Amino acid sequence: MDSRCFLAVLFLLLSLQPQLGASYLRARKNYIVHLDPRASPADSLEDWHRSFLPVATAPLDSEEDGAGDDGPRIIYSYNDVFTGFAARLTDEEADALRATDGCLRLYPEAFLPLATTRSPGFLGLRLGNEGFWSRSGFGRGVVIGILDTGILPSHPSFGDDGLDPPPRTWKGACEFRAVAGGGCNNKIIGARAFGSAAVNSSAPPVDDAGHGTHTASTAAGSFVENANVRGNADGTASGMAPHAHLAVYKVCSRSRCSIMDIIAGLDAAVKDGVDVLSFSIGASSGTQFNYDPIAIAAFKAMERGIVVSCAAGNAGPEPGSVGNGAPWMLTVAAGTMDRAIRTTVKLGSGDEFDGESLFQPGNNSAATPLPLVYPGADGSETSRDCSVLRGAEVGGKVVLCESRGLNGRMEAGQTVAAYGGVGMIVMNRAAEGYTTFADPHVLPASHVSYDAGTKIAAYVNSTANPTASIAFKGTVMGASPAPAVTFFSSRGPSRASPGILKPDITGPGMNILAAWAPSESHTEFSDGGVGLSFFVESGTSMSTPHLSGIAALLKGLHPDWSPAAIKSAIMTTSDAVDRTGVPLKDEQYRHATFYAMGAGYVNPDLAVDPGLVYDLHADDYLPYLCGLGIGDDGATEIAHRPVTCASLKATTEADLNYPSLVVNLLAQPITVNRTVTNVGKPNSVYTAVVDMPGDVSVTVQPPMLRFAELNEKQSFTVTVRWAGQPNVAGAEGNLKWASEDHIVRSPIVVPAKAA
């Protein structure tokens with residue numbers, strides 16, 4: 001380029017820079033605007049919200065050109081669960097609004113990620129006149145709200161044969177229009193789409209990702225016989241509460257969920273009259289509750305008597321990774337079941353290793369011994385996970401690939417096949433332990449544990465001509481140990497409130513078969529997944545709707561129970577041991593901690609009749625909020641009403657009447673208080689039984705509780721002290737209240753001390 005031309009271009013760019021910067025500042029962006037609660041509503045809600053909008057400081061460039069504004073100024077006026085609105089603002093307008101009296105803060109729009117045939121039977125839900133499932137009415141009359149990617153209304157899982165009409169109190173709307181073969185009925189009684197998720201103008205709530213259909217059917221899908229994925233995991237599919245109603249709020253597109261749309265969906269669900277909210281969406285860990293719009297909205301839902309069931313997240317096994325950790329939310333971890341879609345790798349040495357794969361080919365190109373290669377032997381990260389391969393190295397061979405984590409395993413198979421490989425073994429990384437996925441691979445493959453993978457790699461490195469074959473054995477029941485906590489399930493402690501044990505509970509979240517919405521977006525299938533009505537998925541997204549459905553069953557049987565009472569029933573009756581009676585294990589097959597599994601693995605058959613519950617109502621959380629040190633303003637923001645901490649007796653986290661106890665024990669003893677409500681039998685007696693390591697002493701006063709009638713309350717104290725020298729590793733155990741008919745178990749956690 002001529003030097004004079006270069007200087008001219010440079011001068012032009014420099015001269016335009018201030019204009020480009022000003023244009024960027026005047027470009028409108030989406031915000032959630034959080035306001036102080038208004039004392040006396042004089043104007044309409046929309047007029048009140050509009051009064052906060054600043055006068056535009058300058059027209060947008062598009063407006064100067066006559067093109068008009070790039071969107072509405074107010075997007076949502078939140079009414080029930082959040083004090084405020086969502087709006088499009090320039091940077092200058094946002095700054096002006098922040099300085100306006102009554103405006104607490106602005107949240108820039110953020111996007112959150114999306115975080116069965118066997119699971120009812122594995123959880124003890126079986127048909128029969130004497131079974132709890134039948135006696136519960138299968139959730140009849142209860143409304144479960146699903147916040148997700150929408151729903152495929154024509155799926156047989158959402159048929160309404162034999163279902164009652166919506167409850168008289170139902171106020172929801174149905175936005176399905178011109179949907180072939182489906183729409184709202186007595187199963188799907190409401191369906192709406194919000195904001196960026198409303199991508200289909202003719203039928204906004206229709207699922208274009210599959211995720212929402214999967215979670216909705218897990219929570220409340222109707223009975224469907226012969227459900228399977230190409231012959232695997234065959235059986236009768238149903239949700240946990242197959243006679244419950246569904247209300248669907250499409251707040252997510254295929255890959256992301258706008259926080260603005262989520263709050264709008266929560267707001268609509270509470271106004272519509274749902275009984276349970278199922279939220280299979282990830283949330284960041286550690287956000288202070290009064291800075292977390294979802295926690296704020298969930299508080300209002302809880303106050304209205306709605307159980308809010310949320311995914312713990314898929315960021316495990318990192319400690320402190322749990323999200324959705326407010327104590328008024330039910331935070332759900334993910335565990336395995338005893339079903340495996342089995343493969344077996346046989347090496348030339350004769351050693352065999354079991355794994356899993358959803359792809360079980362009839363014409364198996366890896367059935368006979370083939371050369372086995374491990375590209376990762378060169379030490380390269382991209383070679384280890386098969387991101388980069390050489391055709392000459394893998395052509396005609398079985399290829400050993402390291403796992404890419406929670407995602408990317410099927411893409412590895414696509415790469416291996418593209419370079420001529422005829423089979424693949426996916427080996428876990430160390431942190432993933434024994435958690436294996438049943439994936440729809442494009443070639444014969446087996447996903448094996450880290451232990452198996454290291455032995456296979458050692459065989460490759462020690463043998464001149466290593467070989468391997470892969471056999472496919474279909475669906476196998478009775479896999480052991482089961483259940484166990486998965487590697488990806490997010491772990492406690494909660495960074496926002498470490499004195500409350502999170503997660504709360506574990507449910508089935510591994511290789512869960514449920515309804516599916518076929519879509520051209522599912523490129524993992526060689527044929528695009530055409531004709532798939534059911535599919536297998538994993539994640540806390542899958543465990544959450546299991547608990548949502550179980551909460552609906554309890555709500556149907558005990559309509560007067562509070563969300564806290566339902567949570568207590570679920571937690572205190574959960575299993576801390578597996579099906580063989582040994583303590584639950586984590587992904588390493590080590591003893592699972594309470595920070596991994598919460599109170600334990602859900603046992604719905606026992607949850608229906610817990611004996612005692614630890615109850616809480618909205619006002620009971622206020623002293624706890626004040627004790628967090630967030631002050632009057634922070635507590636007011638969460639409670640949606642003025643809170644004066646000086647007039648309340650602030651309590652520690654340990655003293656919140658929660659079904660589990662976290663005691664930060666130092667040198668001096670600590671005493672915490674609890675109150676239980678008798679929901680079992682009148683004239684019952686419970687005796688305290690403590691199971692703790694020998695270096696921790698626990699004293700319960702009184703050691704016996706006598707109840708004369710139902711709904712009677714009794715209080716007690718728990719004093720925890722070191723019996724000897726403090727143990728920096730911490731300790732875990734249980735407090736059990738035992739009667740002739742019930743065992744009410746509460747975890748006790750003494751956290752480890754940082755070195």
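**Close-up 1. Strand 32 and strand 33 form a hairpin with four residues between them.** Strand 32 covers residues 731-738, and strand 33 covers residues 743-750. Strands here are DSSP runs of E with at least two residues, helices are runs of H or I with at least four, and both are numbered from the N terminus. Eight bridges join strand 32 to strand 33 in the antiparallel sense; two strands pair if DSSP finds at least two bridges between them. A738 lies opposite I743 of strand 33. The model is predicted, with pLDDT of at least 70 needed for local features and 80 or more for side-chain atom pairs, while totals for chains, interfaces and linings use all residues. Residues are numbered from 1 along each chain as its sequence is written, and side-chain values use heavy atoms, without hydrogens and water.

**Close-up 2. Strand 28 pairs with strand 32 in the antiparallel sense.** Strand 28 spans residues 684-691, and five bridges connect it to strand 32. D691 has N734 in strand 32 as its bridge partner.

**Close-up 3. Helix 14 packs against helix 15 at an angle of about 115°.** Axes are lines fitted to C-alpha atoms, for helices over the stretch in contact, and angles run from 0 to 180 degrees between N-to-C directions. The two helices are therefore roughly perpendicular to each other, a term for angles of 65 to 115 degrees.

**Close-up 4. Helix 14 and helix 15 meet through residues of both helices.** From helix 14, L547, I550, A551, L554 and K555 meet I566, A569 and I570 of helix 15, where contact means heavy atoms within 4.5 Å.

Definitions and conventions:
Angles under 35 degrees count as roughly parallel, over 145 as roughly antiparallel, 65 to 115 as roughly perpendicular and the rest as oblique.
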